[in-house]
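Biologist: Please take one part of this model and go through it closely. I would like a connected account, from the strands to the helices around them.

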Amino acid sequence: MSNSDTGPAPDPVLHIQDLNYSIRNRTLFKGLQLSVSAGESVAITGPSGSGKSTLLSSILGLIKPHDGSIRVTGAEITKLPSKQIAKLRSETIGTVFQFGELLPELSPLDNVALAALLSRSDRAGGYRQAQELLDELRVPSAETTEELSGGEHQRTAVARALINSPELILADEPTGALDPDATARIAELLFDLPRRRRCGLVLVTHDVEVAARADRVLRLEAGLLVPARVPEAVQA
Ligand SMILES: Nc1ncnc2c1ncn2[C@@H]1O[C@H](COP(=O)(O)OP(=O)(O)OP(=O)(O)O)[C@@H](O)[C@H]1O
Ligand SMILES: [Mg+2]
């Protein structure tokens with residue numbers, strides 16, 4: 001446990017205060033608070049439709065909350081112009097989703113290098129670093145990403161998320177499409193990142209065993225994030 005469940009973390013990489021957001025007459029966030037510090041992992045659980053993915057979209061600046069503050073490495077994302085949001089996103093946030101962020105027809109190397117090339121112009125350096133990350137995460141070389149196994153695909157997604165050395169990693173059901181073995185390995189890889197790279201990790205999952213690996217487990221309920229009870233059998 002790196003922080004208590006209440007109060008802001010010291011020098012947080014993510015600091016959300018008093019977030020309010022409704023959609024189609026449903027209140028998703030009602031004064032929601034969250035603080036995540038460098039080196040800390042937070043798992044978010046909660047019923048389907050409670051707003052977990054919407055929360056990640058808000059942190060990415062893709063959705064504008066009605067009011068409240070979202071600071072990513074100190075920058076107020078709710079107030080930045082869209083061009084600066086895109087820059088902040090590509091430089092400081094890495095995302096790992098269940099599917100969708102990798103282009104299936106490109107090679108894993110191209111997929112990972114592309115994320116580097118979108119934020120800087122050193123093409124050779126981007127490719128070199130992409131290959132190093134893929135080697136480190138043991139992704140085999142392949143002509144297209146669609147020919148990878150589920151676990152290899154998600155390791156590629158993790159490599160893509162890491163290529164710009166983000167301060168914050170957001171993962172939305174990153175193990176949702178994997179078998180139990182691959183789930184355990186991807187979860188281990190993800191929860192190791194805050195320790196090894198000093199980034200913050202916010203991971204949304206329905207899997208209690210995956211959630212139990214986080215420093216803190218929170219549940220999105222009635223518009224707020226509340227400490228979740230993790231079954232003792234899973235914690236061990
Ligand atoms: N673009 C949209 N337009 C209208 N309603 C939306 C939109 N996006 C999300 N919603 C609604 O907001 C609510 C929260 O959706 P969200 O995807 O954040 O839930 P979730 O907690 O991630 O669910 P799950 O666990 O099933 O992924 C849902 O009721 C959903 O229908
Ligand atoms: Mg979701």
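Modeller: Strands β6 and β7 run parallel and are joined by 5 bridges. This is a predicted model.

Now the side chains of β7. In a regular strand, side chains alternate between the two faces of the sheet. Leu 168, Leu 170 and Asp 172 point one way from β7. Ile 169 and Ala 171 point the other way. Both sets are buried. With 5 of its 5 residues buried, β7 is therefore largely enclosed by the rest of the structure.

Next comes α5 (150–162). Its buried residues pack against β7 (168–172) and β6 (93–97), and also against α3, α4 and α6. Helix α5 has 13 residues. Its first and last C-alpha atoms are 19 Å apart, close to the 18 Å expected at 1.5 Å a residue. Of those 13 residues, 10 are buried, so α5 is largely enclosed by the rest of the structure. Buried here means under 20% relative accessible area. The buried set includes Gly 151, Ala 157, Val 158 and Leu 162. It also includes His 153, Gln 154, Arg 155 and Thr 156.

Helix α4 (residues 123–136) is one of the partners of α5. Its 14 residues should span 20 Å at 1.5 Å a residue, and its end C-alpha atoms are 20 Å apart, which agrees. Gly 125, Gly 126, Ala 130, Leu 133 and Leu 134 are buried in α4. Seen down the axis, the buried residues of α4 fall within an arc of 165°, so they line one face of the helix. The general rule is that an α-helix has 3.6 residues a turn, so residues three or four places apart point the same way. The other side of α4 carries Ala 124, Arg 128 and Glu 132, which are exposed.

What do the buried residues of α4 pack against? They pack against α3 (108–119), α5 and α6 (180–197). Just after α4, Arg 138 takes a positive phi of about 55°.

Key
Residues numbered from 1 in each chain as written. Chains lettered and ligands numbered in written order. Predicted model: local features only at pLDDT ≥ 70, side-chain atom pairs only at ≥ 80, totals over all residues. Heavy atoms only, no water. Helix = DSSP H or I, 4+ residues; strand = E, 2+ residues; numbered from the N terminus. Expected span 1.5 Å × (residues − 1). Buried < 20%, exposed > 50% of the residue type's maximum accessible area, 1.4 Å probe, protein only. Arc of directions from axis to C-beta. Contact = heavy atoms within 4.5 Å. Pairing = 2+ DSSP bridges.
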